[in-house]
Amino acid sequence: MSSNADIYHEMIVDYSRNPVNYGEIKDHDVTFHDANPLCGDSIDIDMKIDENRVSDIKFHGKGCAICMACSSILTEIAKGKSLDEVRNIGKNDVLSELGLEHLQAVRIKCALLSLKVLKSALYTYLGKHLKDAKDLDKLKDEAANLY
Amino acid sequence: MLKLSSITNTDDWSWKSLQSIEASFEDLRRDFPILQRTVRKNKPLVYLDNASTTQKPNQVIDSIVDYYRNRNANIHRAVYALAEEATEAYESTRDKIAHFVNVQNRQEVIFVRGTTEAINLVAYAWGRSHVKEGDIVVTTEYEHHSNIVPWQLLAREKRAKIEYIRMDDNGELILDDLDRFLATGRVKLVTFSLMSNVMGTITDARTIVSKCKAADVPTMIDGAQAVPHMKVDLEKLECDFFAFSGHKMLGPTGIGALWVRKSILETMNPFHGGGDMIREVHKYEATWNDLPYKFEAGTPNIADVIGFGAAIDYLAKIGMDNVRKHEIELTRYAIEELSKVKGLCIYGTRDISKRGGVISFNFADVHPHDVAQIIDDEGIAVRSGHHCAQVLMERLDVAATSRVSFYIYNTKEDVDVLIDSLNKVARVFKL
């Protein structure tokens, strides 16, 4: 059985101390905020979107080491990606980067809060820029089935 | 030598006669089966989350099992022997509660699911008929959500206002705020916890109640954190509503008590409609049962009421003054030792006489969830988060804290294990 402390390896501690892509984008195209009611972790993500690509992304907020490290990794993954690619980012893409695949259930929400915020931001953006109203229901379904 | 396996049955035995009270506290650990188990990698359980819920002694567990095995019947209705025994066991807890918190009239004690339900009952059954548009309900910055949200719901419905008595940097209430609110003449209720669930601050209830009485304003006290840890005397407190929970004082979950002064209780509407709370029911009208049954609709949580009674017996045997002494000793030691940990910040007053055995802290820049997870490896159970007190977290300007909280079975060795494990946190986070 692995020890709890094992999840606090170098990368997690470093990322939590020195988060990447931390801050705000004043002229963002979309922003979203969410919090984890259980522990009070709170994350905002701002994105700049050019030609259906995430040209810039930043996050800010308060959270535990797991939450901050995962937010950093996630913004690194998303930066430069097309919106379709962002749409396909899954929870394992984030967890595996940090070796957190076996994180216990109560901490999974810490790890995935930023992914939830990113997806919500994405759907907010897509919803506003829909060309075909038929897509709206599909979008809503997809958003509802995120977790 | 004391036989601890039967503490509630040993009538000739007195705690005060023991040479060392601390030695007997060490011994009573044997009454708690859960304290014998190990967690994680074979580490003995160090349970320091007692402000959240406490562990249960054999005496409480056995009383619940005994009810289901030997006495299970519904109460207050049938005439057969079993029902009579069940009713007697259930009602005896009401007497034990009345005696425990010094209430003369047992009709003023109402069984509820816990403190949360008690406060909701008051907000609903008293608040809706007494609080009107523009009125004010006063609470404090260090309340649990359960003493904020029911009043927000009431205020929204009635277009009333909620005002907060602020807290100073020492974690104590600024009572001048109360004078200011009372001077408006619009305050309908002042409600506060007797002990903060985050910092352990003991509220100066006597001063608050006397100010309110002078202004003819009723007071409600949330006793969830205080009743388990110190002698509480409702006759001396002179408040009008008082609530506490069984599970924070060795009893089962899902049972608590609300006390309401009779003159007020008589003006209150029922909370829930149903069986047991009525006198007569016709097609289009009903009349209410006597107090306290008017407020106890439906088949109650009989087994856990009986378990609650066993918990009160257990505590009464030890004596609440001894419980308080034990916790003062532990808290003093813990604060001393925690203060030696570099980078650790403790919230609330350092004056032991003004606080219970609840200590909230933050450790350098490490998030409390990370602290809790690392020390969990050592078998230590502490709470991390906002402790259902987000208004207080905002006031302290933190997202969360780590919280240790003691009870009768905790020892100085538990504190030592905690301190060692915090050193491990420091190593992992390179503090």
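Predicted model: local features only at pLDDT ≥ 70, side-chain atom pairs only at ≥ 80, totals over all residues.
Student: Which domains does the assignment give for chain B?
Tutor: Domain bounds come from an automatic or database domain assignment. Here, domain 1 of chain B covers 14-44 + 319-428, and domain 2 covers 62-316. The contact between them (C-beta atoms, placed from the backbone, within 7 Å) takes 23 residues from domain 1 of chain B and 22 residues from domain 2 of chain B.

Student: Which element gives the most to the side of domain 1 of chain B that touches domain 2 of chain B?
Tutor: Helices (H or I, at least four residues) and strands (E, at least two) are DSSP runs, numbered from the N terminus. On that side, α11(B) gives the most, with five residues.

Student: In what order do the seven strands of the open sheet in chain B stand?
Tutor: Strands of a sheet pair through backbone hydrogen bonds, either parallel or antiparallel. Two strands count as paired if DSSP finds at least two bridges between them. In chain B the order is β4-β10-β9-β8-β7-β5-β6, with mixed pairing.

Student: Why is one side of β4 and of β6 of chain B left without a neighbour in the sheet?
Tutor: Both stand at the edges, and each has a single partner strand, so one side stays without a neighbour. For β4(B), the pairing with β10 of chain B is antiparallel over four bridges, and B:V112 stands opposite B:G256 in β10(B).

Conventions
Residues numbered from 1 in each chain as written. Chains lettered and ligands numbered in written order. Contact = placed C-beta atoms within 7 Å.
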